[in-house]
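Have a look at the picture first, and then we'll go through it piece by piece.

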2 protein chains.
Amino acid sequence: MNINLNISSFVNEPNFNSISPDKIYDTLIIGGGPAGLTAAVYCMRKGMKTALVLKKAGGQVAETASIENYPGYSYIDGNDLTLKFREQVMQFGIDYAENVSAERIIQGNVKKTLLDNGSAVSSKSIIIATGKKWKKLNIPGEERLINRGVAYCSICDGPLFAGKKVAVAGGGNSGVQAAIDLAKIASVVYLIQHRDRLKADEILVNSLKKFSNVEYLLGHEIREIHGEKEVEKITVENLSGNSSFEIPLNGVFVEIGMIPNTGFLNDVLKLNAFNEIPVDHLCRTEAAGVFAAGDVTDVRYKQIIVAAGEGAKAALSAYDYINFEFV
Amino acid sequence: MNINLNISSFVNEPNFNSISPDKIYDTLIIGGGPAGLTAAVYCMRKGMKTALVLKKAGGQVAETASIENYPGYSYIDGNDLTLKFREQVMQFGIDYAENVSAERIIQGNVKKTLLDNGSAVSSKSIIIATGKKWKKLNIPGEERLINRGVAYCSICDGPLFAGKKVAVAGGGNSGVQAAIDLAKIASVVYLIQHRDRLKADEILVNSLKKFSNVEYLLGHEIREIHGEKEVEKITVENLSGNSSFEIPLNGVFVEIGMIPNTGFLNDVLKLNAFNEIPVDHLCRTEAAGVFAAGDVTDVRYKQIIVAAGEGAKAALSAYDYINFEFV
């Protein structure tokens, strides 16, 4: 479920063209989050022949309500920031395909990227900015009850739980941010974290503490999600006491982080232990002509401003590659 | 000369405190450009005890007229963006000192930074974001005629040359951007570049070509700047012909790049051949607890968005250092 469909689509924009199967692009950008869209602006300004394939403009940003740490905006919501990033790309007549994922890259001097819509893109360089997707708990009931009470995006799905009881699994920044969002909407929020402390930013933890309808279950883990047609209750284990108990509720938000979208890269790049793409300080990967930026890389800090900065670097590295290394 | 004094000063802000000589800060940020100010936002949000010393808020951004490649703003001028960065820091009660430079860092578990106002700051970590300063031509007449026709910041000083003849030395992005700015103001702009082509972004070169009052002297170099009290003419050499000639004019803008402000670091860090600070992809330097971000580093691409992203990374790296490495 996504409340942002109204702004996230590039389709029907007069300024956008289809990707040509016959062209050899200077660069193909895969991904439409802050890293990919910033890379697009930089490539187009450099006059590079640029193709952009993306699933959805904005990426995770489009799923974020309040952003207070993007320099230049003391406060902006994710929809608005996505719109602004998008407008900036739209100034240029970029070749693009939307609702599309890469399936495989065939390395070579000119690289060929196969897409899941059956087409292929040829390019001298590639910028991978495919981001991450939600991590799952992998417990009984989770998969079966997705979109029937089990959710991952508090911004998208939170409003469905007005006045209801929900649990948030995870005490990092995403967990605490989700709990804050949900505390404004739900009647009770159970924040469940296997560690004995919250590891989110102090400023977020302090914000959360202002809500009286949040119950903290530190040192606890959800073991099972129950429900016939919808979520009805969860089984929670107390890790220190080895005891478990049930909580009746309506929703479970799984906020334990993300995994990188790197499944299509097996042939091309060695990934790190977290399946992220190792990059150097100029966003170069181990493969000549392949660059990566944003949450998909081993840059530890998953922040919008970091992804945007890395997107610019990847674009300029690709530009230098085309001009000084590509033969 | 600086037309931005109205917004660049932190002084007299109720939300700002003096730096205490008795505190041991978690981090000291040196520099007030996009890297330093972004680092400040991230450190404060993490609840770190943070000190900020800077010469001038905004750094080079405050000297830039039109910015079209900062994601989130299709167009913004440097003054406005500086103001927005600054507001975002101002939300927090940060300890700061302005109009101040670092003179020396004494390494150690707790580091001591000596400032040119005679005071010292103790901190567990340091984030260096001191940026760069204008590079000089080092030719006869340049030093003597600074502010008397020789200028480095077209945004700051361009308006003084309305209807006059000026030369711009440099055909990279800063040279071409300066020529664009000046073509709107001056009667004639001579763009002088030692290479036989402009190496600026295509989009900038195309913008410049719209002006009919720009004369291109590619493969040329300025050899001397002449004038009694003010700039009167320059001697230009044609590099291919080994001939030289004079051009009468009123101003010379030197736009050949910048050199990093790293003179105070001799004791602490090894610098690269350009006197930049080598960093890894997490903005760590070779010295434990010392981080660097922005134009002062060996990240090749000197862009506002890159500097801001690196500032966030340096802050989060410093936070991790304090929590997991500092003893």
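Is A:Asn99 buried or exposed? A:Asn99 counts as exposed, because its relative accessibility is 60% and the cut-off for exposed is over 50%. Keep in mind that this is a predicted model.

**Two residues with positive phi**

You'll find A:Asn99 in the loop between strands S6 (95-98) and S7 (102-106) of chain A. Its phi is near 55 degrees, which is a positive value in a residue other than glycine. Over in chain B, B:Cys283 also has a positive phi without being glycine, with a value near 65 degrees. B:Cys283 sits in a loop too, the one between strands S19 (258-260) and S20 (290-292) of chain B. Here's how the two line up:

| Residue | Phi | Relative accessibility |
|---|---|---|
| A:Asn99 | near 55 degrees | 60%, exposed |
| B:Cys283 | near 65 degrees | 0%, buried |

So B:Cys283 counts as buried because its relative accessibility is 0%, and buried means under 20%.

**A sheet in chain A**

Now find the open sheet of five strands in chain A, which runs in the order S11-S18-S12-S13-S14 with parallel pairing. Strands S11 (150-151) and S14 (214-218) stand at the edges with a single partner strand each, so one side of each has no neighbour in the sheet. Further in, S12 (residues 165-169) and S13 (residues 188-193) of chain A pair in the parallel sense over five bridges.

**Where the chains meet**

How many residues does each chain bring to the contact? Chain A brings 43 residues and chain B brings 44 residues. Together the two chains bury about 4,000 Å², and carbon and sulfur atoms give 52% of that area. On the chain A side, A:Arg45, A:His281 and A:Tyr301 supply 18% of the area that chain A buries against chain B, more than any other three residues.

There's charge pairing here too, with eight salt bridges across the interface of chain A and chain B. A:Asp320 forms a salt bridge with B:Arg300, and their closest N and O atoms are 3.2 Å apart. Helices H2 (34-45), H3 (78-90), H6 (202-209) and H7 (304-324) of chain A each supply at least two residues to the side that touches chain B. H7(A) gives the most to that side, with ten residues.

Technical notes. Residues are numbered from 1 along each chain as its sequence is written. Chains are lettered from A and ligands numbered from 1 in the order in which they are written. This is a predicted model: local features need pLDDT of at least 70, side-chain atom pairs count only at pLDDT 80 or more; totals for chains, interfaces and linings use all residues. Side-chain values use heavy atoms; hydrogens and water are left out. Helices (H or I, at least four residues) and strands (E, at least two) are DSSP runs, numbered from the N terminus. Buried means under 20% relative accessible area, exposed over 50%, partly exposed in between (1.4 Å probe, protein chains only). Two strands pair if DSSP finds at least two bridges between them. Contact means heavy atoms within 4.5 Å. Buried area is the accessible area (1.4 Å probe) that two parts lose on being put together, summed over both. A salt bridge is a side-chain nitrogen of Lys or Arg within 4 Å of a carboxyl oxygen of Asp or Glu.
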